[in-house]
Amino acid sequence: MRSFVWLAALLSLFLFAQPASALDDAKAKQVMTNAVDGYIRPAYKDFHEKAAALVSETGKFCAAPDEDGLKVVQARFAETVASWGHIEFLREGPVMEQNRLERILFYPDRKSTGLKQVQALLANPDDGVTDATKLKDRSVAIQGLGAFEFLFHGAYPEAIVSENDPFRCRYGLAIAGNVEIIAGELQVAWDAPDGIAKDWKNPSANNPIYRDSKEAVSALIGIAVHGVEMVRDQRIKHFYKGRDAKVSPKLAVYWRSGLTMTALAANVDGLAKFWKAADFGAIMDPDMGSLADSADFDLRAAADALDKMEQPTAERLKDDTYLKKIDFIEFNLRDAMIRIDKDVGGAVGLGAGFSFADGD
Amino acid sequence: MIPPVISKRGFLKAAGAGFAASLLPRQADALVKTDAVFAAAFMAKDESYGVALLSEQGREISRIALPDRGHDVCFDTTSPRAVAFARRPGTFALVFDTQTGKPVKLIEAAEDRHFFGHGVFSPDGKLLYVSENDFDNYAGMIGLYDVRSGYRKVGEFPAHGMDTHDIQLIEGGRYLAIANGGIKQHPDSGRAKLNINHMEPSLVIVDLADGRLVEKHDMPDNIRQLSTRHMDMDAQGRVWFGCQFEGARNRHPQLLGSFRRGEDMRFIDIPELVLKGFDNYVGSVTVNRDAGLVAISSPQGGQWAAFETDTGKLAYEERIPGVCGLAREERLFMRSTENGEFGAAKSELAWDNHITRLR
């Protein structure tokens, strides 16, 4: 939760950094276009496709449940989790409207609100939650990937295969449908010719989001920094706070399905691809372009390491070799964050303020 | 779960020993001689945080370390005590002695609460009211801390809104005015704003005798994204509030208004060019009662301006990059910036949003 580390770093930059060259509007616009068309829109499209595949396979499974079908559903779920993980860091635009972010994944859920509500529904089935189009009006904790995970990976998953519990399957299908609806809304919003993509790519005085190149590029850098911060503070630290702290493997995201590291690897891989696609080097002086590459290197190293990590269990979180790998990942994330905001931000002449930052 | 901001149990001890909190003789002399004493939170070049006492010339008299980034400072009019609050979503408030510069007590928020950066002492100095977040329920709360029992939390009441920020005593301390910013946030989501398209900002008055809601002023639908954040009271008892607009960047709603118990809130008409100069962001609101002026500032826009409290007429405007802190001076206002300026003085400290004039 050390939300201010990057701001602090930016302050140092603002107060003490070396002079930077002025931002070139045309190049900044290209970076925004790269980010939007080269990463954000394809990522939302992929999420929509994966969510649709989850709906399709869940529907087939519910019609004729068996062990093989369950495995297919679980595989489609893993793909959906990974796809969402690739764009989850983007907390701007339509995903922040209509509670979409929380409706897709209600996490962290420190008081197990989602679990309790889903268990209550299983104990006392309510057909009102089996209609995907109406699920949006229910608690955000029961309509997203976390709830789906509990139904298809939680306690007694065999119940869903037995046909003795059709409600569980119909509810799961509705969740998948709900996620697909949200994913579709996101894709439509980002693909709209006169929508958010246009505003992001064309900063101007009359633009409702970014009024100049500096605002736009600054926001893009902020997204990357906040994204790294999210992985470190809102994902890893929930199950591992350090060598001397209590470990909490069951607080890890998607721990029931064993997809924790799948999600985290997707998060960082997404950040690395987002950073690469935006191509910040284009707006930096040629002799400073390597600063953007350094951030890319750090993100890539963390993503690759996460991709090889096994699920964080209580035993593994006591294992020195395993913990060293997490330390290595955290080191690279920390380094990436500093390089992005201090080095790259400074090189393109940006410095988010200290007092105002993101409002207070 | 919120990681505790203060992991060091010995912070007070360390602060007293390691940060030269107590005044050197020359500094103590300066404190006695200066007519005005200001307090403001800062971040130092080494990215450490603190609160400083400053003279009317903006010269530093004393520095008190904070465990993390601070925000506002409030003081007790009956004793030499002031409190520096953590910036949201921080969980500490540091009580310090304004005469010696020594830290007195580190208050920690309850496990399921964090502070919002503002508080106020009761007129008799017996209670400290603090704006807090019941984050699991997205509900603003007012925490009550008993000064005589070592700032023990003795109660709380609802702020009747979310994202509670500044609080002000009104009508001699019988009522409390509360600015609820209306933005849904949770420490588990960092500082992400989770309800920008359906914000619920409000201005509230509660009766301090029992915490009863007296009035609630919601923002009209067309300016629902106008987050009410900071306040100050003028000589006539009107509460002036400054806002931050979270909507489209090409809209420029009015940002400064006033209200009082029994009357609707009203905005003043800031001339368009000046209004745009605030960049939809007011970071500080301060009244100079003697001068009959209310000032607002915007570090985002790099501008501050003062308006007559009687007429709402623009009285003064100035562009200063990074300006935010404001405090009354004899005729106008002391200003501070995130670039190290404090009045005419300049240092390597980045000043936070607010200046509190202790005397």
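1. A quick word on terms before we start: helices (at least four residues) and strands (at least two) are DSSP runs, numbered from the N terminus. With that in hand, chain B comes to 3 helices and 28 strands. Its radius of gyration is 19 Å, close to the 21 Å that the globule rule gives for 359 residues, so chain B is as compact as a globular protein of that length. Please keep in mind that this is a predicted model.

2. Here are some overall figures for chain B. The C-alpha trace spans about 55 × 45 × 35 Å along its principal axes. Of the 359 residues in chain B, 54% count as buried. If you take the contacts in chain B between residues at least 6 apart in sequence, 48% of them join residues at least 24 apart.

3. Now to the sheets. Strands of a sheet pair through backbone hydrogen bonds, and the pairing is either parallel or antiparallel. One open sheet of chain B has 4 strands in the order 3-2-1-28, with antiparallel pairing. Its edges are strand 3 (60-66) and strand 28 (350-357) of chain B, each of which pairs on one side only. From one strand to the next, the twist averages 20°. Strand 1 (residues 38-43) and strand 28 of chain B run antiparallel and are joined by 5 bridges. To see this pairing for yourself, find B:A39, whose bridge partner in strand 28 of chain B is B:T356.

4. Another open sheet of chain B also has 4 strands, in the order 20-21-22-23, and its pairing is antiparallel. Strand 20 (284-288) and strand 23 (314-319) of chain B each have a single partner strand, so one side of each is left without a neighbour in the sheet. Neighbouring strands here are turned by 15° against each other on average, direction ignored. Between strand 20 and strand 21 (residues 293-298) of chain B there are 5 bridges, and these two strands run antiparallel. Within strand 21 of chain B, B:A295 is the bridge partner of B:T286.

5. Some loops of chain B deserve a look. B:P89 sits in the loop between strand 5 (81-86) and strand 6 (92-97) of chain B. B:D163, in the loop between strand 11 (152-158) and strand 12 (164-170) of chain B, has a positive phi near 60° without being a glycine. B:D163 has 29 C-beta neighbours inside 10 Å and therefore counts as buried. B:E171, in the loop between strand 12 and strand 13 (175-180) of chain B, is also not a glycine, yet has a positive phi of about 50°. Is B:E171 buried or partly exposed? With 15 other C-beta atoms within 10 Å, B:E171 is partly exposed.

6. The axes of helix 11 (residues 289-307) and helix 12 (residues 320-347) of chain A come within 8 Å and cross at roughly 160°. An angle over 145 degrees counts as roughly antiparallel, and helix 11 and helix 12 of chain A are therefore roughly antiparallel to each other. Their crossing is left-handed. Residues making the contact include A:L291, A:A295 and A:L299 of helix 11 of chain A, and A:F328, A:I329 and A:L333 of helix 12 of chain A.

7. Finally, look around helix 5 of chain A. The peptide bond from A:Y107 to A:P108 is cis, with omega near -5°, and A:P108 lies in the loop between helix 4 (100-104) and helix 5 of chain A. Helix 5 (residues 113-123) of chain A contains A:K116, which counts as partly exposed with 13 C-beta neighbours inside 10 Å.

Key
Residues are numbered from 1 along each chain as its sequence is written. Chains are lettered from A and ligands numbered from 1 in the order in which they are written. This is a predicted model: local features need pLDDT of at least 70, side-chain atom pairs count only at pLDDT 80 or more; totals for chains, interfaces and linings use all residues. The radius of gyration is taken over C-alpha atoms; the globule rule is 2.2 Å times the number of residues to the power 0.38. A residue is buried if 20 or more other C-beta atoms lie within 10 Å of its own, exposed if 12 or fewer, and partly exposed in between; C-beta atoms are placed from the backbone. Two residues are in contact if their C-beta atoms, placed from the backbone, lie within 7 Å. Two strands pair if DSSP finds at least two bridges between them. Axes are lines fitted to C-alpha atoms, for helices over the stretch in contact, and angles run from 0 to 180 degrees between N-to-C directions. Angles under 35 degrees count as roughly parallel, over 145 as roughly antiparallel, 65 to 115 as roughly perpendicular and the rest as oblique. A crossing is left-handed if the near helix is turned anticlockwise from the far one by less than a right angle, and right-handed if clockwise.
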